[in-house]
Amino acid sequence: MASVLIMPGFLLVSIGLAALLVYLPFLAVGYGRFTVGYDQAAPRAMLPKLPPYAQRATWAHENAFESIILYAPAALMAYVTQQQSELALGAAIAYLVARTLYPAAYIFNLPIGRSLMFAVANLSTFTLYFLSCRSALM
């Protein structure tokens, strides 16, 4: 029952944590850039020169931006509509776990794991949208 009581605050904190997770794969990108010689004049032109793991890390980083664009409004909607169920809390936690594991699966070239984490994160996001919209319509 205690987890339900901290739910509203956790929804807001989860947005901040999700923002930090956007940059998690960039650690591997930075290491890859360092190994091939960072070109400050044209950092985006370096992608073809990066090792494959760093290229995948770049794509995971870009995907994280796409994901948080959907998640942040869903978590805010859940906060505003006062979603305090175990399902809403579970969805927020599942999103964060999936978005933590997603870049690892991408970087280590585990397509099934990457797809599974992508699906879990999206299901979690749309669960928050569904709960919020259902609540707003009642």
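Q: How many aromatic pairs does a search of the whole structure find?
A: The search of this predicted model finds six aromatic pairs across the whole structure. One of them is formed by Tyr23 and Phe65, an edge-to-face pair with 5.9 Å from centre to centre and 90° between the planes.

Q: And where do Tyr23 and Phe65 sit in the chain?
A: Tyr23 is in the loop between helix H2 (7-22) and helix H3 (26-36), whereas Phe65 is in helix H4 (residues 52-80), and the pair links distant parts of the chain, 42 residues apart. Tyr23 is partly exposed, at 47% relative accessibility, and Phe65 is also partly exposed, with a relative accessible area of 35%.

Q: What about Trp59 and Tyr106, how do their rings lie?
A: Their ring centres are 6.5 Å apart and the planes stand at 45°, so this pair counts as tilted. Because Trp59 belongs to helix H4 and Tyr106 to helix H5 (residues 86-107), the pair ties together parts that are 47 residues apart in sequence.

Q: Is Tyr106 buried or exposed?
A: Tyr106 counts as buried, because its relative accessibility is 13% and the cut-off for buried is under 20%.

Q: Which residues do ring pairs link into a cluster?
A: The cluster is made of Trp59, Tyr102, Tyr106 and Phe118, linked by ring pairs. Two of these rings also have an arginine over the face: Arg99 over Tyr102, at 4.3 Å from the ring centre, and Arg114 over Tyr106, at 4.3 Å from the ring centre.

Q: Switching to H3, which residues are buried there?
A: Ala28, Val29, Gly32 and Arg33 are buried in H3. They are on the same side of the helix, because they cover an arc of only 140° around the axis. On the other side of H3, Leu27, Tyr31 and Phe34 are exposed.

Q: Why would residues three or four places apart point the same way?
A: An α-helix has 3.6 residues a turn, so residues at that spacing point the same way.

Q: OK, and what covers the buried residues of H3?
A: The cover includes H4 and H5. Taking H4, the axes of H3 and H4 are 8 Å apart and the two helices pack at an angle of about 145°, with H3 passing H4 in a left-handed crossing.

Q: Which residues of H3 and H4 meet?
A: From H3 there are Phe26, Ala28, Val29, Tyr31, Gly32 and Thr35, and they meet Tyr53, Ala54, Ala57, Thr58 and His61 of H4.

Q: What follows H3?
A: H3 is followed by Gly37, which has a positive phi, near 95°.

Q: New topic: where does Thr125 lie, and is Thr125 buried or exposed?
A: Thr125 lies in helix H6 (residues 111-137), where Thr125 is buried, with a relative accessible area of 1%.

Q: What is Thr125 in contact with, leaving aside its neighbours within four places in sequence?
A: With those neighbours set aside, Thr125 is in contact with Leu70, Tyr71, Ala74 and Tyr95.

Q: Last one, what separates the C-alpha atoms of Val13 and Ala75?
A: A separation of 9.6 Å lies between those two C-alpha atoms, although Val13 and Ala75 are 62 residues apart along the chain. Val13 lies in helix H2 and is partly exposed, with a relative accessible area of 47%.

Note on methods
Residues numbered from 1 in each chain as written. Predicted model: local features only at pLDDT ≥ 70, side-chain atom pairs only at ≥ 80, totals over all residues. Heavy atoms only, no water. Helix = DSSP H or I, 4+ residues; strand = E, 2+ residues; numbered from the N terminus. Buried < 20%, exposed > 50% of the residue type's maximum accessible area, 1.4 Å probe, protein only. Contact = heavy atoms within 4.5 Å. Phe/Tyr/Trp six-rings, centres within 6.5 Å; stacked < 30°, edge-to-face > 60°. Lys NZ or Arg CZ within 6 Å of the ring centre and 35° of its normal. Arc of directions from axis to C-beta. Axes fitted to C-alpha atoms, helices over the stretch in contact; angles between N-to-C directions. Left-handed = near helix turned anticlockwise from the far one by under 90°.
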